[in-house]
Every structure is written in C-alpha cells, then in structure tokens.
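The sequence and the model are shown first.

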Amino acid sequence: MSDKEYVATIKQICEFLQSDPTPDVIQGLRDSFSNLSMHLKAGPFLEVFETTISNIPFGALFSLLAAPDNKLIVSVADVTGQLLNPVTWTMVHQTFEDYIIQGLAHPHSTFSEHYGPHLWKCLEGKSDTDTTKLAKRVLVHLFNVGMAKDYLFSKDSLKVVNSLLSGNESQRFRVYDVVTAAIGRSDEIFEFLCQKGIIDAFVKEGDSDDIMAVMNWHELLPILCTAKSAYDYFSLQGIFSKSLQQLNSNDAETASATYSLLQASTLKLFSRMVDAQGVNPAEFLAEYDIAPVLGRLISTEGSESELKSTAIRCLGAAGNNAGALEHLAAENTALEALADTYGRSIGHQRVEYLQTIACIFGHAPQPTNTTSQACYELYSRLAQGKFLVSVTQEIMKGFEESCAAGFAVIQKMAGHAWGVREIASSKTVVNFLLTRDSSRVKTAQQWQFSAVQAIAEAKDAQGAFDSDDYSRIARYVKEGPYYVDSTPQVALGSS
C-alpha cells in the first residue's frame, strides 16, 4: 500500500468523525478503521503512526466507545492497541487515566483486554519515576473502584505481571503494592491470586538474602492481612512462627548489624499485625507471643541500643490496641520490664518511654475496666509510685520532645477515672498544669492545653477536683492555649 492510501484513509476517518452517525457513516468508519489497521501493520509504521495521532486524537478514538456497532468497536480497539505500543506514559499521562478507566469499564472485552497489559508494563524499571508512580496510582485507583480480576488480571495482563515478578526488586514490590490494594477489595481476589502463584511469589520474598527486600516484605504483610483469608494463609505457611523463632535466636553468628536491622523490622511486623483488620489481636499474640522478646530487649542495659528503643516503641504500638493490651497485661513480661527500667532511662530514650506509656494509656477513648486496671497497675509501678512527679520534672526540662511526651501522658491519663483522681490529688501537679510558660515553643503550649482540656472534659473531673481548681481548669480551657495575661503590673520604685 502506498503512503497516499493511508493519508487518504486518515482523511476519510476525520470526515466521518465530523458527520452525523448515520448507518452509512458507521459503515464507512468501520471500513476505514479496518483499512487503517492494515496500514499500521504494513508500514512504514512510524510514518502512519505520526500521521494518525496528528490527525486523530485519543479522545476521538474513545468517543467511539459508545458506537452502536460491535464491529466498529473491535476495529477501533485494534487501531488503538497498535497506537499505544510505542507511546510512553509521559506522553499522555495528563489525560490517559480517564481514557483507561473508560476502556476498562467498557462492556466489550476487546477494549478492556488492551489496557491492562499496558498499565502493568509501566511498572517496569529499577528506579521510581513519574511514570511508575502514576501507573501504580492508577492501578490502585482502578482496584478501589472495583475494576479488578476481570480486567487487570486478564490472561495477557498476568503474562506481564509474571514477567515483572521475575525482574528486579523495585518492580516486584510495585506489583505487590498494587496486589495489596486488590486484596483489600475481597477474599475472592486473594484466592484468585493464590491460584495464579502471585501470593507464593510474595511469600518467597521473606527468604531473600536482601535485607531491604525482607524489610519491604514486612511492611506489606500487615496490609495484606486486611483479608482474613490472607492472614490464615500466611499463618499456615509458618511465616509468623518462623519470624518469632528468629527473634528468639541467641546464636552468636546472628550478632551483626544486618541481623539487628532484621530483628528491628520483625519487631515492627508483630506490633503492626495486631491492628490488621483480618486479625484478632489477642488471639494473634496468644499464638505468637512477642511479649517475652519485648521484655528481654527492653531490659537490656544501656541507653544507646537501637534495638532496645525499637522494642520500647513496638510495645507502645501494640499496647495502643485494646485487645493486644489485654494479652500484654495478662502475660505481664513486657509491661513489667517497661516499669522496672523506666527509672534508669535518660535523654531521648526517656522520651521514648513516655511516648510508649502515653500510647498504652490512650489505647481507647472509653477503656474497659480490664484495660483501665492494667494501665493503673503499670502507673503504680512506674518511678516507685511517683510517676506524675517524674513526668512534671521531664516537662520542666523545657525540651520540645520532653514537653510533648510528658503532656501526652497526662492527657491520656485523663481518659481513666483513676487518672483524673491521681492528678486531682496532687496540688503541686495541678498548679504546674495551670501555670502558663510563654517561653515554651508553641507545640509544647498546645500539648499543655490538650492535657488540661482532656481533664476538663473527663466525666469524673468535677467530682475529683475541688471547686476552686475545677473553676481554674475551666477558665484555662476558655482562654485557649496561647493566652497571655495582659493585666498591667504596677512598678514600685524608691523615691
């Protein structure tokens, strides 16, 4: 075919597109797109391609999705597929997402089958680029609106997915990120991905010699366990029991910086698993009891241990879940270690202790009697029963982190009846809380206000404080976090 023939065909399509969709026009478009498809296949491809996209924009092609003729739809889909092969994502990303959604949502399978593979291919490469980020975002979006198995996991799409999973770590984990979003839609998707071997490929990442790959794997596991079927499957695979066994290992050969990173990552995995939607936190910790490990690491002497700091933070993350806290209180090892070592903590690690205690005290807006009692028992053991004094001393150091952590503890104490009583029983603490210090940074002043406000809103507050203190608390809240007394001061001078 000559060049003039493909130019004439494109010109004819443009004329038809500007005409009313009569039966003759539909027939003409059908024949013209069939001819254009042959021109693209016969070549010269680049010349036909450039002439086509210069005269027929993608928007015009997608306007034919509503054409009342299946044969025309098939012809347009064939042409569109050929045009998309050499087009990079960045060439069309400003408008391409809408077109892809239209194509995937179209009832004719010819359209939907074209776009899934193209989207997945955009995840290729070692480095994150605007293309990979946008492609991943679009794929996740499509799963969130329900366009999953039938479109994005078609036979051709799965070929591309499997190709990506045989490549470098970056593109493998881009696929897993998208798969995570898909599994969040339904258990059915998880079962389907198991059948296709994609979940088994993910499981194998946990045995990688690449520490970064394993850490990324740990990050995704709790998110995947949004589906209970996913948690049950991973549990049957022995993933959690193996991870716990690694944490309990005292092999001297494992005492390396790399292994410490792996331990820290594994600790975070367990602390995040208690919040996974497909997991019962108390049952999870009963089966995979991380508390003795946390207790052992928290009891480690020295304030420079990063692994100890990780254990402290992970105890706070786990203890912030009411179901997990019930188990931790009954098991007691980790909470006892926290109380016993609190007094020896200094510097930034003291702040970490306070942050963890605040997380535990604040595990629920309305704690149960069981969990509130667990918090009280922890409180009573801290600083030999003088914990509130210790907290105020930490705040008085004036450092922003210390102030925020200390006031956060008091704020969370106000969520418990015993906490309100403890605060009210100390006139020194009450006066301290109601004394403003404008030299503190605004963040610290805001945290102080939040603590006082929580006390004022506590249902037990009015009965716990004497009328004078309660009035002062109410006035403090009314004045706001940054109130400055503007009452003029009389200067006394000598004559």
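A crossing of two helices is called left-handed if the near helix is turned anticlockwise from the far one by less than a right angle, and right-handed if it is turned clockwise. The model considered here is a predicted one. In it, the crossing of α21 and α24 is left-handed. The contact involves Ala-322, Leu-325, Glu-326 and Ala-329 on the α21 side, and Thr-370, Thr-371, Ala-374 and Cys-375 on the α24 side. Of the residues in this contact, five are nonpolar, two are polar and one is charged.

Two packed helices are described by the angle between their axes and the distance between the axes. For helix α21 (residues 322–331) and helix α24 (residues 369–381), the axes come within 10 Å and cross at roughly 55°. The two helices, α21 and α24, are therefore oblique to each other.

Aromatic rings provide a second topic. The count comes to 25 aromatic pairs. One of them joins Tyr-231 and Phe-240, whose ring centres are 5.7 Å apart and whose planes stand at 35°, so this pair is tilted. Tyr-231 is buried, with a relative accessible area of 10%, and Phe-240 also counts as buried, at 0% relative accessibility.

In the pair of Tyr-342 and Tyr-353, the ring centres are 6.0 Å apart and the planes are at 70°, so the arrangement is edge-to-face. Because Tyr-342 lies in helix α22 (residues 333–342) and Tyr-353 in helix α23 (residues 347–361), the pair ties together parts that are eleven residues apart in sequence. Both Tyr-342 and Tyr-353 are buried.

Finally, one aromatic cluster is formed by Phe-173, Tyr-176, Phe-190, Phe-202, Trp-217, Tyr-233 and Phe-234.

Definitions and conventions:
Residues numbered from 1 in each chain as written. Predicted model: local features only at pLDDT ≥ 70, side-chain atom pairs only at ≥ 80, totals over all residues. Heavy atoms only, no water. Axes fitted to C-alpha atoms, helices over the stretch in contact; angles between N-to-C directions. Helix = DSSP H or I, 4+ residues; strand = E, 2+ residues; numbered from the N terminus. Parallel < 35°, antiparallel > 145°, perpendicular 65-115°, else oblique. Contact = heavy atoms within 4.5 Å. Nonpolar A, V, L, I, M, F, W, Y, C, P; charged D, E, K, R; others polar. Phe/Tyr/Trp six-rings, centres within 6.5 Å; stacked < 30°, edge-to-face > 60°. Buried < 20%, exposed > 50% of the residue type's maximum accessible area, 1.4 Å probe, protein only.
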